[in-house]
Amino acid sequence: SIKRDKIKKFFQSTDVVLMENLRFNKEEEKNDVSFAKKIASLGDIFINECFSVSHRKHSSISGIPAFLPSFPGKLMEEEVQNLKNLLSQSDSFRKIAVLGGSKVSSKLKIIEFYLENFQQLLVGGAMANTFMVAKGLSVGSSLYERRMVKVAQDYLSNYESKIVLPEDFIVIEKKTETKNPTVKLKDQISNKDIIYDIGPQTRMIFYEKIVSSETLLWNGPLGMFENKPYDAGSAFVLKAIGANNNKNFFSVAGGGDTISLLKNCKCFDDFSFVSTGGGAFLEFIQGIELPGLQGLNGWFLRMEKDNLNIIAKKLSEPPRGILAADESTNTIKKRLESINVESNSETRRKYRELLFKTPELSRFISGIILYDETIKQLTEEGDPFPEFLSKNNILPGIKVDTGAVNLDKNSDEKITEGLDGL
């Protein structure tokens, strides 16, 4: 069991306490509120540094932020900023996506995303086999998804000019004593052949397309890279990343076995950015909101021009346009004491809830800057105040300041420098 007193004792002799895998607790994957609150009681601030699990709605990912000021770590920020940079590349003419791995069924949505947002999709691995069958070609005894053939046919019908499939393969004959690899063209595959890798023609085609691109997204291996020499196809094509001389070239890799592939081929550093995420990576680039990011009540966009424009546009949408500031703890205390009500966290919570639930609020107010205490508090229904405001189409913000200084011409008053200073 997790006990705060026990944790405190550890901190008497050390600076870091590492907890065991929380999935040993059944409450973790159930996103149990009580369990999240118990974990949150062990700390004062929550930092999420694990992008790779932020697509999971678990207690330690999306539950803790309801009870603590929560922020992204540096690696998390780097993940989000780089993936946003990838998505913001508006010109699809020189955007190439590489998709490998085994199953079409597990990547239906990501395939659709690639086809709609990239100039071309280069397909390899066992996934390509399903597309080959959809085109009426034999893949011999190779792995493919029979139930996905119709889906692949639909993709080819709608996006044939965008989907680039292998022209040749490295194959071995099924059940042979000596696995001598042979190069065969796509229309020469016999019933006994098993496809292990893309062939030399395909490697050159993929290489040339990548070396002349400006934006690249790579997800998955192009062959059975775990077994040499069937990593050769992926290794050759990956060399195009380092050989691309376009000064604006931006390349991102991530998802599934991609990191293992890059390490195996020693080309990890050739990419502009390599994501640590698998499922989280695939969901984020599709624009799916990740529970682990939604819950970071201290999460705010870096103040880049484009981000500021997006926020400003949302705040100024007619007929609203008012940016409100949450009242500080001290201000509310004065209000409550003026009507003989004790000021404590619960009475202040009720006061804020009364204000936030005013029916007319969302008609005029576009956003509210929240204080630290407010961010930690919940409505009577158990929703964090930032989440409640978002549901009512009010943009929640966090108060940022750099300390208080004396107000000019009135030394008895202070002003908070930072957001208030604006």
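User: How many helices and strands does the protein have?

Analyst: This is a predicted model. The protein has 19 helices and 16 strands. Of its 422 residues, 44% are buried.

User: Which share of the contacts joins residues at least 24 apart in sequence?

Analyst: The share is 68%, counted among contacts between residues at least 6 apart in sequence.

User: Why is Asn219 called buried?

Analyst: Its relative accessibility is 1%. Buried means under 20%. The value of 1% is under that cut-off, so Asn219 counts as buried. Asn219 sits in strand β9, residues 215–219.

User: Where is Ser59, and why is Ser59 called buried?

Analyst: Ser59 is in helix α4. Its relative accessible area is 0%. The cut-off for buried is under 20%, so Ser59 is buried.

User: Which residues are in contact with Ser59, leaving aside neighbours within four places in sequence?

Analyst: They are Glu27, Glu28, Asn31, Asp32, Phe35, Ala36 and Ile64. The side chain of Ser59 also reaches the backbone oxygen of Glu27 at 3.3 Å. A polar contact has to be within 3.5 Å, so 3.3 Å passes on distance.

User: How far apart are Ser59 and Lys30 in sequence and in space?

Analyst: They are 29 residues apart in sequence and 7.2 Å apart in space, C-alpha to C-alpha.

User: Why is Asn31 called partly exposed?

Analyst: Its relative accessible area is 22%. Buried needs under 20% and exposed needs over 50%. The 22% value falls in between, so Asn31 is partly exposed.

User: Where is Asn340, and what is its phi?

Analyst: Asn340 is in the loop between α15 and α16 (345–356). Its phi is positive, about 65°, and Asn340 is not a glycine.

User: Why does Asn340 count as exposed?

Analyst: Its relative accessibility is 74%. Exposed means over 50%, so Asn340 counts as exposed.

User: Why is Ser338 called exposed?

Analyst: Ser338 has a relative accessible area of 57%. That is over 50%, so Ser338 is exposed. Ser338 lies in helix α15, residues 329–338. The side chain of Ser338 reaches the backbone oxygen of Arg335 at 2.5 Å.

User: Why is Arg363 partly exposed?

Analyst: Its relative accessible area is 47%. Arg363 is in helix α17, residues 361–364. Arg363 and Arg320 are 43 residues apart in sequence but 6.3 Å apart in space, C-alpha to C-alpha.

User: What kind of peptide bond joins Lys228 and Pro229, cis or trans?

Analyst: The bond is cis, with omega about 5°. Most peptide bonds are trans. Pro229 lies in the loop between β9 and α10 (232–243).

User: Which residues touch the most other members of the largest nonpolar core?

Analyst: Ile111, Tyr114, Phe131 and Ile285 do, in a core of 56 residues. Helix α7 (residues 125–134) gives the most to this core, with six residues. A second, separate core has 25 residues, including Ile96, Leu122, Val237 and Leu238.

User: Which residues does Phe131 contact, leaving aside its neighbours within four places in sequence?

Analyst: Phe131 is in contact with Val104, Val123, Ala152, Tyr155, Leu156, Ile163 and Leu165.

User: What is the volume of the second largest pocket?

Analyst: The volume is about 770 Å³. The pocket has 27 lining residues, and Val17, Met19, Leu22, Ile39 and Ile64 are the closest to its centre.

User: Which element gives the most to the lining of the second largest pocket?

Analyst: Helix α1 does, with three residues. By class, the lining has 17 nonpolar, four polar and six charged residues.

Notes:
Residues are numbered from 1 along each chain as its sequence is written. This is a predicted model: local features need pLDDT of at least 70, side-chain atom pairs count only at pLDDT 80 or more; totals for chains, interfaces and linings use all residues. Side-chain values use heavy atoms; hydrogens and water are left out. Helices (H or I, at least four residues) and strands (E, at least two) are DSSP runs, numbered from the N terminus. Buried means under 20% relative accessible area, exposed over 50%, partly exposed in between (1.4 Å probe, protein chains only). A nonpolar core is a set of buried Ala, Val, Leu, Ile, Met, Phe, Trp, Tyr and Cys residues joined through side-chain atoms within 4.5 Å. Contact means heavy atoms within 4.5 Å. On a 1 Å grid over the protein atoms alone, a cavity is a set of points where a 1.4 Å probe fits but cannot get out, and a pocket is an open set with protein on both sides within 12 Å along at least five of seven lines; lining residues have an atom within 4 Å of a point. Grid points are joined across faces, edges and corners, and a volume is the space filled by probe spheres set on the points. Ala, Val, Leu, Ile, Met, Phe, Trp, Tyr, Cys and Pro count as nonpolar, Asp, Glu, Lys and Arg as charged, and the others, Gly among them, as polar. A polar contact is a pair of N or O atoms within 3.5 Å; within protein, one must be able to donate a hydrogen and the other to accept it, and residues adjacent in sequence count only if both atoms are side-chain atoms.
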